[in-house]
Amino acid sequence: MAASNTIRFLLDGNLHEIENPDPTETILNHLRYTMARTGTKEGCAEGDCGACTVVIGELDDDSIRYRAVNACILFMPVLDGKELITVESLRASDGALHPVQQAMVDTHGSQCGFCTPGIVMSLFALDKKNKNADGNAIEDALAGNLCRCTGYGPIIDAAKQILGSAATENSGGLKARVDALKKFARHQTLELVGRNALTGTTKKYYAPVSIDGLAEVVEQHPNATILAGGTDVGLWVTKQHRELETVIYIGGVSELQEIEDHGDAIDIGAGVSYTDAMDKLGALYPDMGELIRRIGSVQIRNSGTIGGNIANGSPIGDSPPALIAVGATLVLRKGSSERTISLEDYFIDYGKQDLRTGEFVARVSVPKPKANQHFRAYKLSKRFDQDISAVCGCFGLTIEGGIVTDARICYGGMAATPKRASHAEAAITGKPWSEETARAGMKAMEQDYIPLSDMRASADYRLMSAKNLLMKAFVETTSSAQTRVLARGEAGNAG
Ligand SMILES: Cc1cc2nc3c(=O)[nH]c(=O)nc-3n(C[C@H](O)[C@H](O)[C@H](O)COP(=O)(O)OP(=O)(O)OC[C@H]3O[C@@H](n4cnc5c(N)ncnc54)[C@H](O)[C@@H]3O)c2cc1C
Ligand code: FES
Ligand code: FES
């Protein structure tokens, strides 16, 4: 079947078609510079401030699932087959404010107004997703929206006003929009050759729809940039001004969007967003769910993927230490063949992963908890929300009859890769799970890591806090439930 060279998306009920767009033009730039829709603002251009928040709707059977995202780091072609909603879309045909906007007026939720369109869009998405959102969920929905002058009290009041009122609807009617999205759902590869209007550079973009198609394209273009959620790749363009010659987008590959339950393990496809993985993994390991909730913001988690968090090889990615501590394996695909490795073996050294030419990450397989297994995850960062870890400590401990029979301890932020604390593990395995054993593990950990000092933390702080996290895990796995220090989420810790 011939590939398509045209992206199609819905905006304000109208179909927009663009033939061979510049593949790495951001949605934000297109809105502001081409469409003159300047309600969506640019603050940081790196996914941190939320001024550029828009909502993307994706077909979900006979409904549409709406999610807030950062337009500043998403490329235009990812809109293909979707609905885009911007702050301008909310205005009623008679010019009346949308209830979310009216609530912001009523509660005095805006002063200079720069953050306001982004906040309105985050609240719009929250209202669509969860009418029963409580205080924590409201704060979570706003954690990716920086307001420098109003203060969050009135904005939270606006959220409560909206959530307490009848459901809001955007223009056009749901059924008409579902029908429209169904009509232009793509069944063949998107293949674009676009030009950067400023530099004149020509770029290619492929978006296959099946894993076989993806395998073929990746083998044909082994030097292409694989694009998943773009929460890293987007910044290469907006912050480092890199020209990506060939991009292969995996977000349209149906097999990579799947979460499959195999009885003793669940497989998370490489294209599954943090938002979709969070509940599934959190149901197995509450602390893992909470750790994922501490990644970025709602907007970042709606785009970013677990696969990207692994594939990028970062030593401070949050999901790899947690997944390694529960013994996850990684499935890599090249051509028609797959190979499976333990996740820890993927990380060879700083910037070096076990990923061969023409290969890509297909899925991660996460074993379910075994009897007597305890899992704990703790993220230390300068801010609670929307911050990268200084140290992330994860513990998979099996304790039978008071004895540690298996220990998998893995840290992020302590070495050039996510790295297991093998000396600490050896020091506690086979021993009674006592304070003395935990202290022996802490001492042994000094042989496991020689951390760096950087802007996030000094080497001394990192080592001391890593050791103390083992003690925290000991206290939490041996004391009564009352001593468990819960973070904001009821279900898990990760704080
Ligand atoms: C504001 C902000 C906050 C953030 N906060 C956190 C945080 O708290 N914790 C954290 O861990 N990270 C954080 N990040 C980093 C980022 O969200 C993660 O690294 C994310 O998981 C990357 O996934 P992605 O899907 O967006 O990947 P992309 O940006 O699309 O890709 C990342 C890299 O992986 C490669 N890649 C992606 N998928 C595949 C695949 N299937 N096969 C092979 N290669 C692939 C890409 O080529 C690229 O090199 C944050 C980022 C931003 C912008
Ligand atoms: S402009 Fe700051 S998050 Fe997009
Ligand atoms: S109202 Fe000024 S930044 Fe929020």
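The model is predicted. Its protein has 17 helices and 20 strands. The radius of gyration is 23 Å, close to the 23 Å that the globule rule gives for 495 residues, so the protein is as compact as a globular protein of that length.

**Overall build**

- The C-alpha trace spans about 70 × 55 × 40 Å along its principal axes.
- Of the 495 residues, 49% count as buried.
- Take the contacts between residues at least 6 apart in sequence: 68% of them join residues at least 24 apart.

**The five-stranded sheet**

- Strands of a sheet pair through backbone hydrogen bonds, either parallel or antiparallel.
- Here, an open sheet of 5 strands runs in the order β10-β11-β16-β12-β13, and its pairing is antiparallel.
- β10 (259-261) and β13 (337-342) are the edge strands, each pairing on one side only.
- From one strand to the next, the twist averages 25 degrees.
- Within this order, β16 sits between β11 and β12.
- Strand β12 (residues 329-334) is joined to strand β16 (residues 359-367) by 6 bridges, and the two run antiparallel.
- Across that pair, Val331 stands opposite Arg363 in β16.

**Pairing around β3**

- Strand β3 (residues 53-60) pairs with strand β4 (residues 63-70) in the antiparallel sense, over 8 bridges.
- Gly57 has Tyr66 in β4 as its bridge partner.
- The two strands form a hairpin with 2 residues between them.
- In the turn, Asp61 has a positive phi of about 55 degrees.
- β3 also pairs with strand β5 (residues 83-85), again antiparallel, over 3 bridges.
- One of the residues in this pairing is Val55, whose bridge partner in β5 is Ile85.

**The nonpolar core**

- The largest nonpolar core has 138 residues.
- Leu123 and Ile250 have the most contacts inside this core.
- Helix α3 (residues 116-129) gives the most to the core, with 7 residues.
- Beyond its neighbours within four places in sequence, Ile250 is in contact with Leu214, Ile226, Leu227, Ala228, Leu256, Ala270 and Gly271.

**Around ligand 1**

- There are 32 residues around ligand 1.
- Ala228, Gly229, Gly308, Asn309 and Ala311 come nearest.
- Five elements each supply at least two residues of the shell: β8 (225-227), α8 (233-238), α11 (298-303), α12 (306-311) and β16.
- α12 gives the largest share, 4 residues.
- β16 belongs to the shell and also to the open sheet.

- Cys147 lies in the loop between α4 (135-142) and α5 (152-163).
- Setting aside neighbours within four places in sequence, Cys147 is in contact with Cys115, Ile119, Tyr152 and Ile155.
- Cys115 is 32 residues away from Cys147 along the chain, yet their C-alpha atoms are separated by 5.7 Å.

Key
Residues are numbered from 1 along each chain as its sequence is written. Chains are lettered from A and ligands numbered from 1 in the order in which they are written. This is a predicted model: local features need pLDDT of at least 70, side-chain atom pairs count only at pLDDT 80 or more; totals for chains, interfaces and linings use all residues. The radius of gyration is taken over C-alpha atoms; the globule rule is 2.2 Å times the number of residues to the power 0.38. A residue is buried if 20 or more other C-beta atoms lie within 10 Å of its own, exposed if 12 or fewer, and partly exposed in between; C-beta atoms are placed from the backbone. Two residues are in contact if their C-beta atoms, placed from the backbone, lie within 7 Å. Two strands pair if DSSP finds at least two bridges between them. Axes are lines fitted to C-alpha atoms, for helices over the stretch in contact, and angles run from 0 to 180 degrees between N-to-C directions. A nonpolar core is a set of buried Ala, Val, Leu, Ile, Met, Phe, Trp, Tyr and Cys residues joined through C-beta atoms within 7 Å. A residue is near a molecule or strand if its C-beta atom, placed from the backbone, lies within 6 Å of it.
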